[in-house]
Amino acid sequence: MSQASAIRRRSRTGDTRAALLFLLPFSVLALVFILYPVVQALYMGFFDWDLLTQRAQNFGLQNYVTMLGGHGFVWSATHMLTWRVPLLVVAAVVAVGALRGRGRPLRAGVVVLLLLGLVVALGFHPGPQGSWNDPRFWAALQHTIEFTVISTPLLLALGLAMALAVNRPGRAASWYRGAFFLPYVLPVSVVTLIWIYLYNPSRGLFASVTSAFGVEPIDYLNSSALAIPAVVLTTVWWTVGFNMVLFVAGLQDIEPSLYEAASLDGAGRVQSFLNITLPGLRRVMLLVLVTQVVASFQVFGQIYLMTRGGPGDSSLVLIQHIYQSGIRDSDLGYASAMSIVLLVLILAVSLVQLRFFKEDDA
Amino acid sequence: MKLSTTRVLTAAVAVPLALLTTACGGGGGGQQAAAEGAASMADVKDSDLNGLKISVGDFFGDCIDEVGTETDVTKATNECQAMRILNNKFNAENPYGITVTREGGAEWKSYYDAVNAAFAAKKPPNVLLMHESNIPDYSSRGLLLPLETGYKATGIGTSDMTEPAQAAAEIDGTLYAVPIDEHASLSHVNLDLMAKAGLVKDGKPVLPTSPEELKQQAQKFQQATGKQYIAWGNDFNIPFRIFSSFVAQQGDPVVTDKGKVNIDTPAGKAALGLISDLYSAGIADPQQTYDAAQQAFLNGDVGILINGTWVVNEYNNTADFTYLATDFPTVFDQPGVWANSHTFVIPVQTDANGPKYRAAMEYAAFMYKNDISWALPTGHLPVRPSVLSSAKYLEAPQRENYIDTADNAALVPQVRGWQGAEDALQHAIEGVWLTGTPVDKALAQAQKDVEAQLKG
């Protein structure tokens, strides 16, 4: 008995050593290139930290006060209606669902309360005599969230649709898979160069097409209303192929016999899709959703190269503001503080997504 | 081996903190280091310079494949070739055997990001090209050498320097830079089209002298030719340059060297109002990019193109119409035009080394002494009055037509944080033609944003 126990102990020790050995390279890299910069940014965010001299002074919360503070706030029912109305609709849908017995009532209640709190909070804004300490931070945050909210569902839905279309044997499907994935391998500079030409109001493809229908050419990248949608379209073209590949892998993991059984039971295509495909893709969906949201919150290259945040600040995003504060203005402390806020935001959104999917799994 | 969660977490926190404390060393540079570095040049003997190798940072590009080992600058056709050939010439002709090599990479749009990264890493090149408006960001932090000693050691001085060039080199009375040119906005004119519109007199274009005349001439030109009277690119902050020129023509710069912001003023309103009128009347095109405006001009579709000194030779050589470069039009009270200056500065090094500082200064002084070699292939204005008035310079194509620009230059202000302020100003004013923001509101926003940026 004691000999068997000793063998098990030795085996466990060996397993631990092997596990540590395999984990070591990644752990070291993660420590040096991920954890260390995060701790460093957290530390730097409490100082006026000058990039050029690397001098730190004035320890305190001034960077966070500059970023998040302001004066002369008022509340109005009509402020940011384009955000608040959809949030109210979502809250109403969740509440009605809970009242009809779908989902957990406690969780639904918390969600509704949080959404209503957000709807009320979004009514606060600087009045005629007031202002944010850094209005560009709030503009950048708003545009970053808008970019994420528009691009993520598109990338998810299109990626899935394309995966369903090309998930079949044969050369043609294989060719399409390659063609759809191809843009993803291009660097951001090439992608933006192509799309800047396409959007060019004098010589671009879009202008030629709209002109043929008698529509005046539109300067998409210099329009405050269209700049972000134009960059979203570029991003979708560029990155949707990667999501498609993930969904194709997920589709191929679904047991074909399930479809056969469903067919024998008289299930149609839509029913099979809703009851077999979607549940089978739940984990891939979570992966795509989380990585997409994280990537969208960090959007920078396309915006910087296509619009430079303009016109005005109408397409300014958080990473560009961080980059300009840190590199152009040498204010590394403030840039670090903004990075930390962005990190917290991304972590919070990712954790909520993980939590909800996990609970649904349970 | 037992590995508890507590141990793992402790290690995860302790290791980054340990790394952090090692990374938080004191700052380099400082005014004292800069002063000591500058003084160290005085004791350097010529023999100490023998065979030294130094690096230079500039944003004119790497066209070494085109120029090879050429040392004859007259063969250059653009800025890149001229700068690389001048480097070759310095390497071939300096009596000390100093060799300068370019630290390549960044083009001008991202140049200062690369410069900042080099300073942050405490590894700036030995000598750096810098716009005069960027100097305060570095000199105020003690990152640049004061150059009085260097000027004396290399036998150059400010006595033969135009007033704007001298202003470009000095910050609060201290010499920090060696200027090699002034560059400014010019009117590039298609004389054939202007003649067709009756806007040529004695072989020279008749340029407007008031906002009203500008609009009248535009109407006359469009009726006579059916083409665009005036054009400029709307990217690269060019509308800011036009705005600042119009403001300067009313007596005050948009921002003084002391940091006083003069944007939301009657002069600002007149300047921005005029630009807005030109766009809304269809005289100028708010959608035209730098490339599109230039192409339209070279295709013969534009009467006057507002662009810089750097394209004079190119247009002179390639335009298939009668081309003329002349001063930016004075439409308000006095001449005044956006201008900047390319200068060379010497960064403080962590391994301060008198001979290397002196070698860098020799390179900068060589470029100053060869300002005509830089001006002739490019179109930029030399910084030495003796060169500006020389027959060799004035006989070069077009140069006599815009010689007054050297005196009328309204230099971009020398204040710390200017680049961010200029971007903020451009963003605020472009709202007028891109999003329909009223002029008054845009000016108030610009004033507020620029003040905030300069305060930050």
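## The disulfide

The disulfide of B:Cys63 and B:Cys80 is left-handed, because the torsion about its S-S bond is about -120 degrees. In this predicted model, local features need pLDDT of at least 70, side-chain atom pairs count only at pLDDT 80 or more, and totals for chains, interfaces and linings use all residues; side-chain values use heavy atoms, without hydrogens and water. Residues are numbered from 1 along each chain as its sequence is written, with chains lettered from A and ligands numbered from 1 in the order in which they are written.

The two sulfur atoms lie 2.2 Å apart. A disulfide here is a pair of cysteine sulfur atoms within 2.5 Å. A search of the whole structure finds one over all chains.

## Where the cysteines sit

The pair links distant parts of the chain, 17 residues apart. B:Cys63 is in the loop between β1 (53–57) and α3 (64–67) of chain B. B:Cys80 is in helix α4 (residues 79–93) of chain B. Helices (H or I, at least four residues) and strands (E, at least two) are DSSP runs, numbered from the N terminus.

B:Cys63 has 6% relative accessibility, so it counts as buried. B:Cys80, at 11%, also counts as buried. Buried means under 20% relative accessible area, exposed over 50%, partly exposed in between (1.4 Å probe, protein chains only).

## The contacts of B:Trp232

B:Trp232 is in contact (heavy atoms within 4.5 Å) with residues including B:Ile238, B:Pro239, B:Tyr279 and B:Leu305. Neighbours within four places in sequence are left aside.
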